[in-house]
Amino acid sequence: MDTRDLTLISDAVYRDTYNTPDGRRSRVEDQLSIAYQYKCAYCERLTKADIEHYRPKKGIAEEAGHLGYYWLCYEWSNLIPSCITCNREGAKHNQFPILGPRVPGPSFSPDGQLDLALCRAHTAPLLEEMPYLLHPEIDHPEDFFAFVLDPNGQGIRITGIDEQQRGQRTIEICLLNRLELRLDRAECVISHFKDGVCGLFVQLQAGEIDQLQFKAQLLQCIHLLHILTLREEKTHTYLRKYIVRTAENFRDIVIPYIDPLAADIVSEAFLLYQERGVLG
């Protein structure tokens, strides 16, 4: 695209819509949904996603004079599936703060054509911008995020841990600690395990199972937690991986949801499971 006429950007191109008996769909949305397991790339919930332009195509909130990354409007690595809330409702929209130098415009090859090789998100000069907003296909979440319990008992919060504050800024840009997300993390990731442990403990107290049976079935519950970390189609994938990565993570995030009478037994079972080499 060798023009700055932003009116030429057509969502019909990057959506590629078609009709079905269940309503209008988009071939691009279909492919993004398959690639991301039908989840929002930012909050990891199942969703009917927007086609989000990682680098905004029409203007940038932080720089009024910048026209936006209009030359990337059809670039595949700049298209990400995002839920409406992460993308539009008071969240990302046209925000794109960076640490490095802003790319002012497109690069062209000697024949005057757009240099497509320099339009990829993982190549310079775009990569050298060092965006605060993390790219799900470039940045590794374990380098930027941890989780803590909400101090008011309202679910699980995600926190930034890197020195450059890219994790924290991503959280702020996409509103990744909004109430429904905090509660959803606890419900989707912790509740099933908590209910399983509670049921086993009730059986133990009623004499329906003995201590050995209780511990054996408890190890199976922990094993299921581990198995679910391998299921990329599940929501909140990174939280699932985080809670079983270390005994400390398990203790800080999972154990507070467990009945105090069973908490020590569950902690010991996790350590035993970890020592067997299945985790870690």
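Analyst: Ring pairs link Tyr54, Tyr69, Tyr70, Trp71 and Phe96 into a cluster, where a pair means that two rings of Phe, Tyr or Trp (for Trp, its six-membered ring) have their centres within 6.5 Å, with planes under 30 degrees apart called stacked, over 60 edge-to-face and the rest tilted. The model is predicted, so local features need pLDDT of at least 70 and side-chain atom pairs count only at pLDDT 80 or more, while totals for chains, interfaces and linings use all residues. Residues are numbered from 1 along each chain as its sequence is written, and side-chain values rest on heavy atoms, with hydrogens and water left out.

Across the whole structure, a search finds 10 aromatic pairs. One of them joins Tyr70 to Trp71 edge-to-face, with 5.3 Å from centre to centre and 85° between the planes. Tyr70 is buried, at 3% relative accessibility (buried is under 20% relative accessible area, exposed over 50%, partly exposed in between, with a 1.4 Å probe and protein chains only). Trp71 is buried as well, with a relative accessible area of 7%.

Another edge-to-face pair is formed by Phe193 and Phe250, whose ring centres are 6.0 Å apart and whose planes make an angle of 80°. This pair links distant parts of the chain, since Phe193 sits in helix 5 and Phe250 in helix 8 (residues 247-253), 57 residues apart; helices (H or I, at least four residues) and strands (E, at least two) are DSSP runs numbered from the N terminus. Both partners are buried, Phe193 with a relative accessible area of 4% and Phe250 with 1%.

The axes of helix 5 (residues 179-205) and helix 6 come within 10 Å and cross at roughly 175°, the axes being lines fitted to C-alpha atoms over the stretch in contact, with angles from 0 to 180 degrees between N-to-C directions. Helix 5 is therefore roughly antiparallel to helix 6, a label for angles over 145 degrees. Phe193 is among the residues of helix 5 that meet helix 6, together with Val189, His192, Val197, Leu200, Phe201, Gln203 and Leu204. On the side of helix 6, the partners are Gln211, Phe214, Gln217, Leu218, Cys221, Ile222, Leu224 and Leu225, where contact means heavy atoms within 4.5 Å. The residues of this contact divide into 12 nonpolar, four polar and no charged (Ala, Val, Leu, Ile, Met, Phe, Trp, Tyr, Cys and Pro are nonpolar, Asp, Glu, Lys and Arg charged, and the others, Gly among them, polar).

Val189, which takes part in the contact of helix 5 with helix 6, is also touched by His236. His236 lies in the loop between helix 6 (211-229) and helix 7 (237-245), and is buried, with a relative accessible area of 2%. Leaving aside neighbours within four places in sequence, His236 is in contact with Cys43, Glu44, Arg45, Leu181, Asp184, Arg185 and Cys188 besides Val189.

Of its 280 residues, 45% count as buried. Among contacts between residues at least 6 apart in sequence, 65% join residues at least 24 apart.

Definitions and conventions:
Parallel < 35°, antiparallel > 145°, perpendicular 65-115°, else oblique.
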